[in-house]
Amino acid sequence: MGIEKITMPKLGESVTEGTIEKWLVAPGDTVSKYDSLAEVTTDKVTAEVPSSFSGTIKEIIANEGDTIEVGETVCLIEIEGDVEEPVQVSAPKAEAPAEKPALQQTPKTKSQPAAGGKAAGRFSPAVLKMSQENGIDLSQVSGTGREGRITRKDIQAFIESGGVQSRPTIQEVAVQEESPQQVASTEKQSAPEQSVSSNVKLENGDIEIPVTSVRRAIANNMVRSVTEAPHAWMMIEVDVTELVLLRDSVKKEFKEKEGFNLTYFAFFIKAISQALKEYPEMNSMWAGDTIVMKKDINISIAVATDDALYVPVIKGTDEKTIKGIGREIHELAGKVRNGKLKSTEMQGGTFTVNNTGSFGSVQSMGIINYPQAAILQVESIVKRPVIMDNGMMAARDMVNLCLSLDHRVLDGLVCGRFLARVKELLEGMAKDKTSLY
C-alpha cells in the first residue's frame, strides 16, 4: 500500500498548463485504472484525465477553476500492491463546457440526451468498459453529469435498479452542475447597474455570461499572439474561373465514387502546400534566439462547433493528392463535430489555412496561430466584372487570399512572392490540366 500522485498531463503540443473544469471524484471514492478523475481544459482541447492506478482517492490538491502547470500534482491516490505503469490521457472531447445562462432564465438540464439519454461521443473509457461488462445499452441510461454525461454512478444506479432508472429532477441537475463560483456569478445578475469592470456596467435586461475556462484560454492565447508577434497583413486577388469549371465538371462523379464532397478548400491547400515547399521561409517559427524552418509541411485547418474552435492538422500536405487532402478535411471535420478528435490530431501544425469564405467573408485579417509565422485566410469566391487582357470585360470567379504574418520571421518580399506563386498555381488549375489523384 502506498500513496501515488496524479499529475496534470500534457494535452497537446505547446500546452504548458490546464484548468480543472470539474472533479468527477471525491476523497474516499474508489477508482479503477483508466477511470476518469477530472475534466481539464486548455486553449486547444477539453479532455478527461484518467487515473493511472486503481485505488482510493486520498486528497484533492487542485480545486475546480485552478490552472495547473503540466507535471504538477492535482490529487493523491492510495493504492495497494505494486505500482502500475501510468496511463496516458485519453482522446479529448470535441465540445467545450456550455456557458451558464442568466439567472432570470428558468434552470434546466444541459443538453439532456435524446433517445433515452444517449449523449453521442461523450462516454468515458470507464463508462464504456462498465457498460460492456454488464451488457448495458447506454441509450437506455439517462446521464446526470455535465451536459447529460453518463457517469459510472449512473451505470451503477441502473444496475441496482434492475434496468429501471428514474430521471433526475430539474432542481437536482441544476444543483449538480452549478459550482459555487457559478452560483456567485449568477447571483450578481440580479443586481442591475452593478459594476463589472472599470468601464462596463450591467443595465436592466443585460445578461452577464461567465467566461468559461476554454474561452479564457483561447483569449489568453490570442492576446499572447498579438502581443508577442508583430502582425503585418497583405492580400492578393486570384481569378479561379477555370478552377470553378474544373470542380463543377467532376464533383458529381467524385461524390459517387469517393463518398464525400470535393470542396474548393482541398484545391487551395494543395496549391498553398506546393508554394510552401518552394518558399520554405513561410513554413517557419520564431524560437527566441533562432528561427526554426520546419522540414515537414503540416497544414492546420480551423473547424468550428457551436461553442468552440478546433484546429486539426493535415500532415505532409505537399505529398498528398487533392483527393487525399479532401478526404482528410472531410474526416477531421467529422471527428470534431462527433467528439472523436484526438489531441495528437491537433499537434505538429506548421502553417494555418482558414476557410473564412465558408461564412461569406470576402476580406479578413486572421490572428496567427502561435508559434507559427503566418496564417492564410481563403475568402469567398464571388463573380465580378473583370477587364481582360484583350480589353474586354467579362464575369469572372474571383477570390481574395489574405495573409497575416509575423514580421519578426517574415518580410513583405518573401510573402509577396509566396502569394504570387499561390495565385499562379490556382489560376493554372483547369480541366485536362489538373489531376485529382
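This is a predicted model: local features need pLDDT of at least 70, side-chain atom pairs count only at pLDDT 80 or more; totals for chains, interfaces and linings use all residues.
Residues are numbered from 1 along each chain as its sequence is written, and side-chain values use heavy atoms, with hydrogens and water left out.

**Exercise 1.** Work out which strands stand at the edges of the open sheet of four strands.

*Solution.* 
- Start with the terms: strands (E, at least two residues) and helices (H or I, at least four) are DSSP runs, numbered from the N terminus. Two strands pair if DSSP finds at least two bridges between them.
- Now read off the order, which is E1-E8-E6-E3, with antiparallel pairing.
- E1 (2–7) and E3 (30–31) are the edge strands; each has a single partner strand, so one side of each has no neighbour in the sheet.
- Zoom in on E1: six bridges join it to E8 (residues 73–79), and the two run antiparallel. As an example, Thr7 sits opposite Thr73 in E8.
- What holds such strands together? Strands of a sheet pair through backbone hydrogen bonds.

**Exercise 2.** Decide whether Ser300 is buried or exposed, and find what it touches.

*Solution.* 
- First, find the spot: Ser300 belongs to strand E12 (residues 299–301).
- Next, grab the cut-offs: buried is under 20% relative accessible area, exposed is over 50%, and partly exposed is in between (1.4 Å probe, protein chains only).
- Ser300 has a relative accessible area of 2%, so we call it buried.
- Finally, look for contacts (heavy atoms within 4.5 Å). Leaving out residues up to four places away in sequence, Ser300 touches several residues, including Val311, Phe351 and Gln372.

**Exercise 3.** Compare the backbone and the exposure of Tyr34 and Asp432.

*Solution.* 
- Tyr34 is in the loop between E3 and strand E4 (36–41). Its phi is near 85°, a positive value in a residue other than glycine.
- Asp432 comes in the segment after helix H9 (412–427). This residue isn't a glycine either, yet its phi is positive, about 65°.
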